[in-house]
Amino acid sequence: MKLGPDAAAALDAALAALRKGDVVGLPTETVYGLAGDASDPAAVARIFALKGRPADHPLIVHVAGIEALDDWARDVPPLARRLAEAFWPGPLTLILRKQAHVLDAVTGGQDTVGLRCPRHPLALNVLKRFGGGLAAPSANRFGRISPTTAAHVREEFGDAVPVVLDGGECEVGIESTIVDLSGTTPRILRPGRLGKAELEAITGPIVEGAAKESPRVSGALASHYAPHTRTELLTREELGERARLLRARGETVLALTVGRAVDGVDGRVLADDPDAYGHDLYAALRELDARRADRLLVEAPPRTRAWFAVLDRLGRAAADTPEDAP
Ligand code: TXA
Ligand code: MG
């Protein structure tokens, strides 16, 4: 990777901060992370404090490559290596049995650890030079919308996180696919851009959703990634009706729609393509949220496999849909 002098200086500053136990905003191809030394209890504690995240929610450890698997995980199954070979660096997090040294604060006290090698060139550069693992949850306050630009991270944390590496807009825009390989069958704990079919080409049949005894995934809370604005997920037909009804009650309404606007309802239109939609989703939610309407009406994309990860995020954004919604 060729770096201009500004980028090189920013990278040096990020590394220096990480080495002295500070946390930094780090771009990845999925969303921006709030990164700190995964082996430093003080850095990890700082991440939790900044996010306002409950202590039992584990963090993903970001690593520089496949070689690091055995540094963090034990009894690594061949399937984990095959998945890492196929998809790392990339938007895939593997849940594996942890090495003894992995901090309880990182794993939420569980016997497993989440590992991911991101493919954003700045993240990879930092990881390679840092040498160790970087614990990095999405760089948003707990329960809020994940950031996909450096400006979003600054909005979330301001001066509390002085170093935010600017890697531009995240390419994927939604969080990594999480695959749990710590049990007897592989399971997708969180859907992402990397879909079931692509994974199954490597793993064979894979189960979706957490088992009862599965480790906790904070992204699995019903209400997550939530805007402040009361948000409803509706069909296109319902949306127009609902907007009229709410307005008649004196409420202001914005819409997030697929491919084209709904006549007479202001808001944002995202592409009728799951990848392009995912890329823009969180930025659009932030932008609409900042307009402080009384309601945000979101048109549900088609309920097809290709839209699965996007639908998952939208379902959580709208988890507080009021009872009188259609
Ligand atoms: O794309 C991503 O994964 C982004 C970027 C920054 O890499 N990170 C991210 O981190 O989304 P976070 O903390 O917002 O979400 C990580 C998810 C959480 O839902 C957490 O519960 C789950 O990973 N997780 C981490 N370690 C786990 C473990 N040992 N067992 C089960 N789930 C785990
Ligand atoms: Mg998150």
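The chain is divided into domain 1 (5-208) and domain 2 (230-317), with bounds that come from an automatic or database domain assignment. This is a predicted model, in which local features need pLDDT of at least 70 and side-chain atom pairs count only at pLDDT 80 or more, while totals for chains, interfaces and linings use all residues. Residues are numbered from 1 along each chain as its sequence is written, and side-chain values use heavy atoms, with hydrogens and water left out.

The C-alpha centres of domain 1 and domain 2 are 29 Å apart, and the contact between them (heavy atoms within 4.5 Å) is made up as follows.

| Domain | Residues in the contact |
|---|---|
| Domain 1 | 24 residues |
| Domain 2 | 14 residues |

Together the domains bury about 1,500 Å², of which 52% lies on carbon and sulfur atoms; buried area here is the accessible area (1.4 Å probe) that two parts lose on being put together, summed over both. Of the area that domain 1 buries against domain 2, Ile145, Ile174 and Pro191 supply 37%, more than any other three residues.

Between domain 1 and domain 2 the count is six salt bridges, each a side-chain nitrogen of Lys or Arg within 4 Å of a carboxyl oxygen of Asp or Glu. Asp275 forms a salt bridge with Arg193, where the closest N and O atoms are 3.2 Å apart. On the side of domain 1 that touches domain 2, helix α7 (residues 150-157) gives the most, with three residues, helices being DSSP runs (H or I, at least four residues) numbered from the N terminus.

Notes. Chains lettered and ligands numbered in written order. Helix = DSSP H or I, 4+ residues; strand = E, 2+ residues; numbered from the N terminus.
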